[in-house]
Amino acid sequence: MPQATNDELLARWKNEPAPLLPLLHAFHQRDGYLSEDALRAIAKGLRIPIADLFGTVTFYHHFSRDEAGLDRPRVCTGPVCSMRGAEVLVASLRAAGHDPQPMPCPGRCDQPVPVIHGGTVLTGRTASTLVSGPSPLPPAPPGGIEECVFAGIRNPGRAGLAGYRNDGGYEALTRAVTGMTPGEVIDVIDASGLAGRGGAGFPTGRKWRAVADAPGGPKTIVSNADEGEPGCFKDRLLMDHDPHGMIEGMALAAYATGAVRGFIYLRYEYPETVDILEGAIAEAEAAGLLGDGILGTDFAFDLRVRRGAGAYICGEETSLLNSLEGKHPFPRNRPPFPVTHGYENLPTVVNNVETLASAPPILVHGAEWYRGLGRGDHAGTKVISLSGDIARPGNYEVPIGLPLAELLHDWAGGPPSGRTIQAVTMAGLSGGFLAGADLDVTLDEPSIRSKGSFLGAGGIMVFDDSRDMIRVTRESMEFFAEESCGKCFPCRIGTQRLVERLEGDGPDTVEAWVDEVTDLNQVMMKTSACGLGQAAPLLTESLIRYFPERVREHVAGPGGSHGPAMKG
Amino acid sequence: MMKRNGTPATNGARLTMTLDGEKVAFTRGETVYEVAERHRKEIPTLCYDPRLEPFGGCRLCVVELEGARNPVASCTTEAQPGMVVRTRSAALEVQRRILMEMVASENRDTDVDPMHGYASQEMADLLDRYDARSGRFEGAHSGTSRPDDDNPFIKRDYENCISCYRCVRVCAEQEGDYAISVMNRGFDTQITTEFGGLLKDSACTFCGQCIQTCPTGALGDLKALANREVPGETETTRTICPYCGVGCSVDVMTRGEKIVGVLPAMDGPANEGSLCVKGQFAFDFVHHPDRLSTPFVRDDDSGKLRPASWDEALDRAAGKLRKVVKEHGRRSVYGIASGRAPHEAAYMMQRFIRAGLGTNHIDNCSRA
Amino acid sequence: MSNPLADMDKPDVIFCIGTNMTECHPVAATRLKKALARGAKMIVADPRKIGLAEIADVHLPIRVGSDVSLLLAMAHVIAREGLVNEEFVGARTAHGEDFLKHVEQYTPEWAAEICECDPADIEKAALLYGGADRGAIYYTVGITEHICGVDNVQSLCNLALMTGNLGREGTGVNPMRGQNNIQGAGDAGALPNNYPGFQKVTVPAHQEKFREAYGREVDLEIGMTKVTALDLCGDGIHAMIIDGENTLVTDPDRHHCEHALKSLDCLVVIDIFMTETAKVADVVFPATAWAETDGVCTNTERRVQRLRAAVPPPGEAKPDWWILSQLAQRMGWDGFDFGSAREVFNELCALSPIYAGLDWDRIDQGEYQWPVPEEGHPGTPRLHEERFENGRGIFKMLEYRDPEETISDEYPMWLTTGRRLPQYHTRTQTGRSDGIDYLLSEETLEVHPDDLARLGLEDGGWAEMSNPRGCLHVKVRATGKSPKGTVFASFAFEDVPVNVLTGGGYDPVTQTAALKACPVALKPVGQPPALGQVGSGIELGRS
């Protein structure tokens, strides 16, 4: 097939909604990088100032600006993969004649070490043993504990429309559009206690109602599938094995709020998921479940996939909206919130994949059913992505309120034999560490917040007693420094300064070191503009709290930051 | 940038909030920062330019808002009825000091010559105010300077950049030129043109607005800086730009008898701080050696123009004009006034013709 | 301008015609860009793909001098589509019905034949402007410097009248004045038909007022325009006093000007540099320059502002008013012993109804836009809010006329002229300011790439450009900014004196020269001509 010309690519996308990202990907794919010529053509075609477009492109990790850049394998060097030999893999790829590039966590912590090459994700430990394959299904819960979003995910054929419908899929949507008012749908979601599963925990029913009530339109539903938090890989699983679950959830949200258009903002690092989602959307459209005249009514919902390009901050909903709109993906100032001023400044629901996927079962089984899935007073379930030094890493849908120890030891098999758990992270990396007695928490926000952390998106990395917590903290902080968008001062400078201090720079007395780091922590937590800068210092704060001796060795001890050699 | 929704004031009722314990009125749409400024609270900020959309980057303007978990940026927070805000507290002052120490830690210089531009002392002033030259948080510096940019107007010394993006925002929001943007992210953030090239090869119109809004001297007025060794105190005089008909207000900077630079007048009614390349940079023709400094008369012998005294020149002109009037009548003299000189020149020219000669043979250069 | 500059970010629809605002009035253009960022739509009618056209929603690349046809067709569409503001037309205008009938014949298809635009685009532009709640028109000398300059302006007024786009925020018919005090020169009475404050010299009451003020008889008839005066040099006009204008270079048909000035018995020039015009004078007086002079100027929005001296002038240079008052005294006339610019300005205020509420001290902060009819009056940022000065807004029945000279086999290309951003006028000031030449150091002729081949020219090569009035050599630059069939050069550079060629007639009413449309022939020349390379030591042009 002859290569598409600039004009053809522009003609294909120019009049589509949210055209910039797909256009950039189209040129990136065609040329193997984003050439000056390509950017000039896009800037002209979309009437974006060329300097803005250039600046925005450089923001994303995965857009290559030099020839054949797309061809270079990208290797995860996140905290878990670093423990699992990312450096060895990089060396082996280099020996095999490649030019491997490090990348932040691409959400395969259950199968380290992932490599993205073109449109494929491979996993393995050496260049010669890299394999591609679907994401692993979740291990079955012990004792047949009832699940919500995972209930049917292990059924064969579930990812296709027929399989999904076989399990009762689209029953919720059918019930809603043929027998319920939008308000009634919202009432059920509200009563279920469902709250944002991407980390912020905002009650879903309230969000939908706010959008339904907001003046102006067209309204938009956005699925936040930019699962960028290191150690989180649940949304990938949901989309790969149960795409219709989320899509039906989006259609329900659209019906409930009066939205007519939707986007799935999918992170770059899930290339195979693009095809899965687009296939599912096409199937649903053909079956009258999306598009115009859904289920024979006048309800219409136009759904598109938009692929990100590698930027953790785009998981922050207002950055995501800016990214969708083709703007520089800095977070917006809030208020106003997306429920009134979202995509194109119009009312918009931004929900996490898991949240959306929870909606159809809730509507079918009822609010009470969902509330009852939680343990004790807690309503519902949460998917936990578990990785690191643990026997059975993977995704677990747990009753909210489950003791952490039960998950770690009973569900996932505990630490490697002969080891004990030194620390775990919470909320991927954003919640910092829990260690010692504070591991005695239950998996719900009140319990975890009482320890100065939070559950967030549900990523938990486990570090056994062989790990150097200074190194773990440094590698984690490097991630935040790398991903800091650069908009606000405390985060932009603070993450950098914390990395330097974890590398062994900074004051050489423990008191002065701790003083500086504590000041940075406090200012970042108190004054940063968004969650990234507010959360990053939880790492250093919890490091100082749980591991004061390691800090003392790091600052004052021989070898400074290098500390005693440890396996890793 | 987000546009704020203007909600009409409710029944004209007075909107009030509590600011540092005092009940104060505000109008719908005002930000907490704007209200506080009106009450002279002197909230520190580095990313704020009143002409631009609030950005919320520097976080120095954070204030305590009752009911909020963290302090909020006053520049991006709209005042709401009943809000209780504290602009100063021990905790806020500590946070601001630490922020200033962090800012100081990323730059090569913390003090620059004021000739850099209108706002160039803002960072240095805040460092003094918060006693933040402690040297704490030492570490890598951010920004890469562009000494390769050979343009004669705009110094691009990004090693002194603090990524407040006022330059980028003024270029986009105030000028509509979009010549510069933000490249990379986090600590690697860099102000850039398209593809990192020279300003000359970009959409830059050299209006100089980026220079004038830069709070650190990362951007500097090269023409003014060339005069930094001129002795004397810098004084400013408010006048109007000598070029097109827009009538931009400028503050001419002088030292002794020399014009050393031009500052845009932020309160200029026609321009509100904007200027173009000519108004900002084309001022030194005034001191050009080609300037006429004496009258000239045409020498009777050589037929060439030669310098003359005022007396001689005025007498010569008057004599010649009288002769023309005598020979051809008063209607044979014509006056052309300038569209570049002040009213008084044009008025005096028409007065000369009308009151002196009694004709209407007067025009100006607008027909060409 | 009918409306203040502050209104420029308020329209829903902006119609710019004959104005290259981003280069000639850059600071005003920033306000339009803000309106666009807010979501306003913009129509730009200009032969060239100027900066504004790049950001416009509709660009109408009209053939130079064809404005009236376009504007008639827009009026036709507005009328046909029922977009006429009946209430405004009924309440505030005259001859509205006649006008609507008049434009019935002028379809976009008819206009397209003349202005060489797509009729669909004309339609689109008309619907945009006609459908606007707040539509604003901006123009510059691209409208006025034609033989039909007045018709052009009146066509714009017709559009504004029929849509009611006058007298409200974000509307108006707004000329952008090109020089810092060109408005003020008129305000101050430097016009053959008006006393200060636009008081007509033919009105007996005005005559009486100035008779008394100046203590002498006054002429009862209007004076001649500069254009006529130049035509009559040596034949009725025998002396001229020229202040701060390089007539030789900026006026059309340079050879004619040169001849005229040399025919005078006496030429007195007041300037800050030894201009080409000064060089042919009998006496040259050195004037103080900007930043050396206390005074007053009026901007394009009628805002009266103070100029202040910041440095002393060189040598014996003196303010223009001082020079003229001294000269008057040497002429033996009384009443010219002014001691300061303040005294001069205050006399102007006392004699001018539009300045009646002003004086030197009151304008200190520049907050007044005239008319300011009495002390305490806040000034008038927006004209025509309640009523038109002369009662009703009158529709004019206009017809299209060809330029005086049109292209032919012999002179097949249109030359149009204008300015460029970094250089002002003939570079007397910008050319003597360090650094400006870095941005623009030489003039080039902008030629459409397709014309290049047709004319045998080369990008970067040299061309000879000629017509019956003259001939010059200019370096060629190929650019899509020029439409096919039209070339452009600025009049900034002395070695490309385009006004050797311009001069194809004048507007019959205002006698404004047709500087914007002029047929020329182009042919390649091998070598750069010896005359006039930049910086060759030849005196820079002025004005």
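## B:Asn70 at the chain boundary

In this predicted model, B:Asn70 is located in the loop that links strand E3 (62-65) and strand E4 (72-73) of chain B. With a relative accessible area of 14%, B:Asn70 is buried, because the cut-off for that class is under 20%.

The contacts of B:Asn70, leaving aside residues up to four places away in sequence, are A:Met525, A:Lys526 and A:Gln534. A polar atom of the B:Asn70 side chain lies 3.1 Å from the backbone oxygen of A:Met525.

## Interface of chain B and chain A

Contact between the two chains involves 48 residues of chain B and 53 residues of chain A. Together they bury about 4,100 Å², with 58% of this area on carbon and sulfur atoms.

There are 6 salt bridges between chain B and chain A. In one salt bridge, the side chain of A:Arg492 meets that of B:Glu106 at 2.8 Å, N to O. On the chain B side, helix H2 (90-105), strand E7 (180-183) and strand E8 (190-193) each contribute at least two residues; the largest share, 6 residues, belongs to H2(B).

## A three-stranded sheet in chain B

Chain B also contains an open sheet of 3 strands in the order E10-E11-E12, paired antiparallel. Strand E10 (235-240) and strand E12 (258-264) form the edges, each pairing on one side only. From one strand to the next, the twist averages 30°.

E10(B) and strand E11 (residues 249-255) of chain B run antiparallel and are joined by 6 bridges. B:Thr237 has B:Val252 in E11(B) as its bridge partner.

Methods: Residues numbered from 1 in each chain as written. Chains lettered and ligands numbered in written order. Predicted model: local features only at pLDDT ≥ 70, side-chain atom pairs only at ≥ 80, totals over all residues. Heavy atoms only, no water. Pairing = 2+ DSSP bridges. Helix = DSSP H or I, 4+ residues; strand = E, 2+ residues; numbered from the N terminus. Axes fitted to C-alpha atoms, helices over the stretch in contact; angles between N-to-C directions. Buried < 20%, exposed > 50% of the residue type's maximum accessible area, 1.4 Å probe, protein only. Polar contact = N/O pair within 3.5 Å; in protein donor to acceptor, adjacent residues only side chain to side chain. Contact = heavy atoms within 4.5 Å. Buried area = accessible area lost by both parts, 1.4 Å probe. Salt bridge = Lys/Arg side-chain N within 4 Å of Asp/Glu carboxyl O.
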